[in-house]
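Welcome, and thank you for taking a look at this structure with me. Please have the sequence and the 3D view open as you read.

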Amino acid sequence: LGHGAGGQLMAELLNDVITPHLAAPVEDAAVVPFGAARAVLSTDGFVVTPRFFPGGDIGSLAVHGTVNDLAMRGAAPVALCLAYVIEEGLPTAELRAVTASVAAAARAVGVPVVTGDTKVVNRGCADGLFVTTTGLGRLHPAARVSATRGRRGDVVLLSGPIGAHGTAILTAREGLGLASDVASDSRPLHRLVAAMLDAGGEDVHALRDPTRGGLAAALNELAAAGRIGIECDEPAVPVPAAVASACDLLGLDPFEVANEGCLVALVHPRAAQRVLAAMRARPEGADATVIGEATAGPPGRVTARTLVGSHRIVDLPLGEQLPRIC
Amino acid sequence: MAADRSVEIEVRGTVQGVGFRPFVHRLATAHGLAGDVRNAGGTVVIRLRGDGAGVASFLRRLAAEAPSAARVGDVRARDLPVGAVPVGGFRIGGSTTSAVGVREVPPDLATCPDCRAELADPTDRRYRYPFVNCTACGPRATIIDDLPYDRVRTAMSTFPLCAACAAEYAAPADRRFHAEPVACPDCGPRLCWWPGGVEGAEAFAAAVAALEAGSVVAVKGIGGYQLLCDAADAHAVAHLRAAKHRPRKPFAVMVPDLAAARRLAALSPAQERVLSGPAAPIVLAVRRPGTPLAAGVCGGSAEIGLFLPYSPLHHLLLAALDRPLVVTSGNVSGAPIVVDDAVARAALGTFAAGILGHDRPIRSRYDDSVVRLLGDRTTVLRRARGLAPAPVPLPVPAREPVLAVGAQLKHTVTLAVGTRAVPGPHTGDLSDAAAYQAFTDTVERLCRWHAVTPHVVAHDLHPGYLSTRFARSHEGRRIAVQHHHAHVAAVAAEHGITGPVLGVAYDGLGLGDDGTLWGGEILLATLTGYRRLARFARAPLPGGESAVRHPARTALGHLYGAEELGGARPDPRDAAVLWHTVDPRTAATVRELVARRVNAPLASSAGRLFDTVSALLGLCATATYEGEAAVLLETAAAPYGPVPALPWRLANRDGLLVYDPAPTLRAVLAHGGAAGEVAAAFHTTVAEVTEALLTEAARATGVRTVCLGGGVFANRRLTTDLLDRLPRAGFTVHIGASVPSNDGGISYGQAAVAAALSAKE
Ligand SMILES: [Fe+3]
Ligand SMILES: [Mg+2]
Ligand SMILES: [Zn+2]
Ligand SMILES: [Zn+2]
């Protein structure tokens, strides 16, 4: 298996090996009928090296990641479960620090960690610490968001700058001397989503957090699921200068770098300005902006209008960097 | 009277759209033969009745005297019962669409001497008419909707013929008999000028005035819009460069005639023949010093790309302005040449003073072709207008139709049916949405025109090429062809070779079968397979593609992380010139990327070694177009004649012979001489190394036939050296002639491999 970085190889793994057995849909969280209420359930496993990085750590990331997966379905978190797989030899102090971080992040989110599980495995059977969080959420009454609901004409909104998380992780992991410039954007997005749904209701068609595979993967998934084209305006996509220069040097495409604190939304044009204003009224959406629109297609095709006016195809990232230049 | 005989003759080849049927009519009439001729699918079918001697003479002269633009391939005659062909006159029949088999789309043809004479003749009804053409010249592939090639299936279908044109079109003896794009000022397309909307001669005058005033003008050409400006006007050239976002890549220059071409470059008779031939490509020739052109027209190249007017409109413009003009494809950096009127106004109208357009639509996008002559060898660097989509033979026929989808940059596709491969026009960088659209349109058209559904799709190994992803979405059989095998197979197949060859694949980057990037390879290859015999040393590319854009980083990759092969390594501290172009923080990060193998893929690339040397000599730290570092290295070497090689060594690694450039790079850093002299010595080094690798490969395999393929052979100095040195060492050497050595030839190579593989089953 060489599928770690997300993108195309991961998509093939899911489509060919896993999804056929489970009939799992394209969403990051599932709405489950639960009596009269509609509950939302999501789970995510976290492995990250290093476990502590500028802007966060594996504990806060595990909380934010699952909270955000619930939020992308239009749900607010109600409860979290936490599971550790610990490699023998992990310093107790480190586990304590991670757990404190989980607790702090959950407190800030406003969600209790209600249960959990801890396993210790032999040396070599895990890389230090794996964290799995499962979240139960309550659907926003006005939420009808689904990756499949994108429609031609929808406005594409982005809640904030891209590229920070993946760049921070890579520079911290490899000690590349750029770490001080860039910190992860890891943060919870459920309040931002609630504000968007309050403002836009059903007109908020689809939400995606551009985590692994970055904005490129998120837009491709939305385009494929909605059978639409997405045309975005490259100069309109905010990339912090420090991220841009680090990406140039490291040979990363900011569109393909992971984020943990922003989202893209497909919104009916009649509600776009209202939703945008609601986003900008929140700190995590202060830099929200329109980055493009959904088109008739070809279905699944994502393009970016470049600074010089040509249209480059934004493809699902491969999951590893292989130069295509001959 | 001699014995009466009736025959049916089927003629294959480039026989439609080139005045072939009127020629047959004249020939048959001259022999007193009765019968008829008609287009059937892609072939021409002739029925004759007359005396046996006349029929035999007709058959002898058919191929020998065919019109210059025709290429008569297969001629098959069979006798019919004498009564099957009626006596009486000889008729030209219409087209039948029922026949199947390979059909040919005729390439566009430069304006012929007869039409040029009419253009300049004040008494002619087509005097100064910018769309004059005849069966021997004019647009073809760019206006065709479908086959058979008849006016109703072209962009001319909306221009009903006037009585005078209709008479010419219907008269068998006329030069315009069935000239499908025939037109005149009364019934044909008209010029227009935007903005403002004036037409005809006024539109032309507006364009000429704007060009004289030093502006950039967009002109709707044969296969796409072009951007023109006075090549001697530095302001105009600078404006064009800024607007196109093309800071240094050389521009092509169109000159009024051969005499003007000779003033800019020393031309051989062979170069002059190609320049003034019916394909009228851009010809790369060594530039004369001290030309009146604005600095920067040719970028940093020692060559100049020259071409002659090839459409009546170009003839009129060049005659009116009587000076060299920059004529470059109408696009902005990254996008393909514009063919659509509305797109032209949106994309080019923002910086061009105006657009000289017309109302004949362009059906297919065709850039100008680019050709270079190496002695008497013609090598096509870009196979487009005037050349594509003429077929290229395949030595092993495709048992079922094969679609080969090419690579990623300089992209082409090839459809192979039977013994013929039809390479489509150059569509550019596939990551551009419009180029990708042109790619899928070309696939659709080629399949429709040739009435086939390909069941076999051949593609590259690289999973990230959009062509590979297209292939993966295709139902049916897929054949993955390694990039450099395709490069070598293209050369072998074009020269009709199926047996084993020693393939020298010197390239930028292509994915190897071992997961590393290749590009400095010696392969023992047949059309159906290959074995890697030798390679260049591996070095990391820090930051992947970003290293390709920044040759200084490629050089750092070589200095910090090249494969250890036993030779003494160059010391990064000695790279004094390089350090002027890289800031220490960048270098520190690059060093970490290399040390930790983070996003630093390994490449055994010859092209990247040229980049490295170029950067070490301070010639190119950052490239603005593909191959710029190598172009600047070659240009620096140009003033130097033969220069002895720098030191080099070969090593053995995992059963492969490996060129270790460590001593070469040490010598580059230690050399006290001029950069150009070192550059020249480096070229000699690569040639010497190649000969040594081939000598060893020939000793091991007994094979002495060599095929040179890959983008590095765009380097004139290296290629000329090898074409000279290898035959003296007892090798037979081949290089791409009508199929590009660069990635434009990949699809043809893939098609040749896939056809040979499917034939083996
Ligand atoms: Fe190549
Ligand atoms: Mg998730
Ligand atoms: Zn003519
Ligand atoms: Zn007419």
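A residue is called buried when its relative accessible area is under 20%. By that cut-off Arg21(B), with a relative accessible area of 6%, is buried. Please keep in mind that this is a predicted model.

**The annotated active site in chain B**

Arg21(B) belongs to helix H1 (residues 20-30) of chain B. An unreviewed UniProt entry gives the annotation "active site" to Arg21(B) and Asn39(B). The two span 19 residues in sequence, yet their C-alpha atoms are not more than 8.2 Å apart, so they gather at one spot. Asn39(B) sits in strand E2 (residues 34-40) of chain B, and with a relative accessible area of 2% Asn39(B) is buried.

**Metal sites**

Which residues hold the metal ions? The table sets the sites side by side.

| Ion | Protein donors | Distance |
|---|---|---|
| magnesium ion (ligand 2) | Asp44(A) (OD), Asp69(A) (OD) | 2.4 Å |
| zinc ion (ligand 3) | Cys112(B) (SG), Cys115(B) (SG), Cys134(B) (SG), Cys137(B) (SG) | 2.3 to 2.4 Å |
| zinc ion (ligand 4) | Cys162(B) (SG), Cys165(B) (SG), Cys184(B) (SG), Cys187(B) (SG) | 2.3 Å |

Distant parts of the chain are linked by the pair Cys115(B), in helix H3 (residues 113-119) of chain B, and Cys137(B), in the loop between H3 and helix H4 (163-170) of chain B, 22 residues apart. Cys115(B) and Cys137(B) are buried. Along the chain, the donors of this zinc ion (ligand 3) have the spacing C-x2-C-x18-C-x2-C. The arrangement is tetrahedral because the four donor atoms subtend angles of 101 to 122° around the zinc ion (ligand 3).

What spacing do the donors of the zinc ion (ligand 4) follow along the chain? For the zinc ion (ligand 4) the spacing is C-x2-C-x18-C-x2-C. Cys162(B), in the loop between H3 and H4 of chain B, and Cys184(B), in the loop between H4 and strand E6 (191-194) of chain B, are 22 residues apart and link distant parts of the chain. Both of these cysteines, Cys162(B) and Cys184(B), are buried. Angles of 103 to 118° between the four donor atoms make the arrangement around the zinc ion (ligand 4) tetrahedral.

The buried residues of H4(B) are Cys165(B), Glu168(B) and Tyr169(B). Those residues cover an arc of only 100° around the axis, which puts them on the same side of H4(B). On the face turned away from that buried side, H4(B) carries the exposed residues Ala163(B) and Ala170(B).

In chain A, the magnesium ion (ligand 2) has Asp44(A) and Asp69(A) as its protein donors. This pair also links distant parts of the chain, with Asp44(A) in strand E2 (residues 37-46) of chain A and Asp69(A) in helix H2 (residues 58-71) of chain A, 25 residues apart. Asp44(A) counts as partly exposed at 26% relative accessibility, whereas Asp69(A), at 6%, counts as buried.

**A buried serine in chain A**

Ser159(A) is found in the loop between strand E8 (155-158) and helix H4 (164-174) of chain A. Ser159(A) counts as buried, at 1% relative accessibility. A polar atom of the Ser159(A) side chain lies 2.9 Å from the backbone nitrogen of Leu263(A). Beyond its neighbours within four places in sequence, Ser159(A) has contacts that include Leu192(A), Cys262(A), Met279(A) and Asp287(A).

Notes. Residues are numbered from 1 along each chain as its sequence is written. Chains are lettered from A and ligands numbered from 1 in the order in which they are written. This is a predicted model: local features need pLDDT of at least 70, side-chain atom pairs count only at pLDDT 80 or more; totals for chains, interfaces and linings use all residues. Side-chain values use heavy atoms; hydrogens and water are left out. Donors are N, O and S atoms within 2.8 Å of the metal (3.2 Å for Na, K and Ca); water is not among the atoms, so sites may look incomplete. Four donors count as tetrahedral if all angles lie between 85 and 135 degrees; four count as square planar and six as octahedral if opposite donors are over 155 degrees apart and all others between 65 and 115; anything else is irregular. Helices (H or I, at least four residues) and strands (E, at least two) are DSSP runs, numbered from the N terminus. Buried means under 20% relative accessible area, exposed over 50%, partly exposed in between (1.4 Å probe, protein chains only). The arc is that of the directions from the helix axis to the C-beta atoms. A polar contact is a pair of N or O atoms within 3.5 Å; within protein, one must be able to donate a hydrogen and the other to accept it, and residues adjacent in sequence count only if both atoms are side-chain atoms. Contact means heavy atoms within 4.5 Å. UniProt positions are given in the numbering used here, feature names are shortened, and annotations may be inferred rather than shown by experiment.
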